[in-house]
Amino acid sequence: MRRIRMIVALMALVFCSAVMAENYPYRSDYLWVTTPDHADWLYETGQKASVEVQFFKYGIPQEGIISYSIGEDMLPDDQQGSVKLKGGRAVINIGTRKTPGFRDLRLRITCDGKEYQHHMKVGFSADKIQPYTKEPADFKAFWDKAKEEAAAFPLTYTRELAPEYCTDKIDCWLIRLQLNKRGQCVYGYLFYPKNAKKGSCPVVLCPPGAGVKTIKEPLRHKYYAENGFIRLEMEIHGLDPRMTTEQFNEISRALNTDPNGYLCQGLDNRDNYYMKRVYLACVRCIDLLTSLPEWDGRNVAVQGGSQGGALAIITAGLDSRVTLCAANHPALSDMAGYAEKGRTGGYPHFNRMNGMLTPEKINTMAYYDVVNFARYVKAKTRLTWGYNDNTCPPTTSYAVWNTLKCEKESLITPINEHWTSEDTEYGHMEWLKKNLK
């Protein structure tokens with residue numbers, strides 16, 4: 001009875017502190033609890049892993065049959081079975097791996113006529129995971145030339161006050177940064193501390209997550225400007241963020257219909273790939289930020305999650321002015337990994353699209369893969385990721401982490417799927433502030 005009371009108390013704490021936790025739906029009557037026999041969810045290759053599984057309704061342990069399947073990270077099941085809950089709990093043996101990587105335990109139970117699902121991943125020798133993607137011999141020369149060509153166009157932008165995002169502590173400006181003679185551009189919201197003085201502010205670039213969409217919740221990270229940073233929240237498609245949601249959705253449907261999504265466009269040729277302009281736009285944003293008279297002349301940070309996390313690391317690898325990098329579960333990492341049988345690859349998971357893993361496209365991917373930019377990052381870096389992520393899987397986050405040779409810190413949150421808590425987001429700002437020069 002005492003153990004049940006403790007579990008119920010724990011569940012109440014989880015519900016109160018993790019409203020955004022997809023693993024535990026807010027205000028749900030049902031709760032999965034999965035506990036591996038290694039507290040950190042990590043094993044060495046050859047070690048066998050087991051997981052205690054519990055299922056609750058109203059905090060009360062349930063009886064029933066759990067169907068389960070097990071497979072490698074992001075790959076099909078290779079093992080199936082069922083187990084009976086006794087006193088609301090059961091133990092499932094996951095087995096092991098002979099090579100570094102992750103195994104995924106996928107769970108299903110029917111209760112009150114409805115099916116409930118959950119999953120969890122455990123790692124084996126995760127610190128030894130290496131990327132499939134190799135660095136092209138002319139990788140650095142390719143990007144040095146691209147940056148030189150982009151820099152030949154003078155820094156050109158407009159700035160318009162955005163009073164809807166100004167407060168008593170911060171000012172906000174809408175920026176339109178032109179990238180080339182063709183008139184291609186990106187937009188962003190530039191946040192300043194109120195009455196910022198010349199030479200007083202570190203600068204932060206925040207690239208967006210994947211998709212064609214408006215700049216999401218511009219004031220979500222207002223605490224950066226409130227703590228003395230100048231922060232640029234950018235988009236990557238040249239779309240005015242003042243467009244209506246309906247307009248954005250219409251454009252998004254046009255650009256993101258597989259297999260014609262923007263992350264696929266031009267992938268046959270490294271010079272024509274859509275993301276070339278995006279990567280160079282991030283460098284031009286650094287040009288803009290470091291041209292501001294309020295910049296302190298020393299500190300340049302990049303921060304983002306998913307595609308934004310990828311672009312943060314890529315920008316740090318491309319631009320030596322970047323001094324700090326904070327990234328969540330980076331996308332675009334080891335994208336060609338699926339080309340090897342039994343291997344996990346990264347978002348956007350080209351294995352799910354016909355004709356995307358051709359030699360020509362795999363060659364282009366290597367010039368745009370996060371792991372190859374990670375080799376050139378000199379900035380101190382903070383990286384965070386979760387194990388249950390099925391968008392940017394832990395296998396590819398470890399491939400990036402193990403490739404980084406810079407001074408680095410990790411925040412690993414095993415239970416997280418493709419999300420971070422507000423505490424983690426705020427923690428990035430605190431980490432950047434603590435590490436300013």
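Q: How many residues of helix α9 are buried?
A: In this predicted model, helix α9 (residues 394–403) is mostly covered, with 10 of its 10 residues buried. Buried means under 20% relative accessible area, exposed means over 50%, and partly exposed lies in between (1.4 Å probe, protein chains only). Helices (H or I, at least four residues) and strands (E, at least two) are DSSP runs, numbered from the N terminus.

Q: Which residues of α9 are the buried ones?
A: Among them are Pro-394, Tyr-398, Val-400 and Trp-401. Thr-396 is also buried, and Thr-396 is in contact with Gly-346. Contact means heavy atoms within 4.5 Å.

Q: Where is Gly-346 found?
A: Gly-346 sits in the loop between β16 (324–328) and α7 (359–368).

Q: Is Gly-346 buried or exposed?
A: Gly-346 counts as buried because its relative accessibility is 1%. Leaving aside neighbours within four places in sequence, its contacts also include Ser-333, Asp-334, Met-335 and Tyr-338. Ala-336 is 10 residues from Gly-346 in sequence and 7.6 Å away in space, C-alpha to C-alpha.

Q: Before I go on, what are the ground rules for this predicted model?
A: Residues are numbered from 1 along each chain as its sequence is written, and side-chain values use heavy atoms, with hydrogens and water left out. Local features need pLDDT of at least 70 and side-chain atom pairs count only at pLDDT 80 or more, while totals for chains, interfaces and linings use all residues.

Q: New topic. How many residues are in the largest nonpolar core?
A: That core has 106 residues. Trp-143, Met-275 and Tyr-279 have the most contacts inside it. Helix α5 (residues 274–291) gives the most to this core, with 12 residues. A nonpolar core is a set of buried Ala, Val, Leu, Ile, Met, Phe, Trp, Tyr and Cys residues joined through side-chain atoms within 4.5 Å.

Q: What is Trp-143 in contact with?
A: Leaving aside neighbours within four places in sequence, Trp-143 is in contact with Lys-276, Tyr-279, Leu-280, Leu-318, Tyr-367, Tyr-368 and Phe-373.

Q: How many salt bridges does a search of the whole structure find?
A: The search finds 27. A salt bridge is a side-chain nitrogen of Lys or Arg within 4 Å of a carboxyl oxygen of Asp or Glu.

Q: What does Asp-112 form a salt bridge with?
A: Its partner is Lys-57, and the closest N and O atoms are 2.6 Å apart. Asp-112 is in the loop between β8 (101–111) and β9 (114–124), while Lys-57 is in strand β3 (residues 49–57), 55 residues apart.

Q: And which of those counts as exposed?
A: Asp-112 does, because its relative accessibility is 52%. Lys-57 counts as buried, at 16%.

Q: Which side chain meets Arg-242 in a salt bridge?
A: Glu-160 does, at 3.2 Å, N to O. Arg-242 lies in the loop between β14 and α4 (245–255) and Glu-160 in strand β10 (residues 156–161), so the pair ties together parts 82 residues apart in sequence. Arg-242 counts as partly exposed at 43% relative accessibility, and Glu-160 counts as partly exposed at 42%.

Q: What about Glu-407 and Lys-380: where do they lie?
A: Glu-407 is in the loop between α9 and β18 (408–412), and Lys-380 is in strand β17 (residues 380–385). Their side chains meet in a salt bridge (3.5 Å, N to O). Glu-407 is exposed, with a relative accessible area of 53%, whereas Lys-380 counts as buried at 15% relative accessibility.
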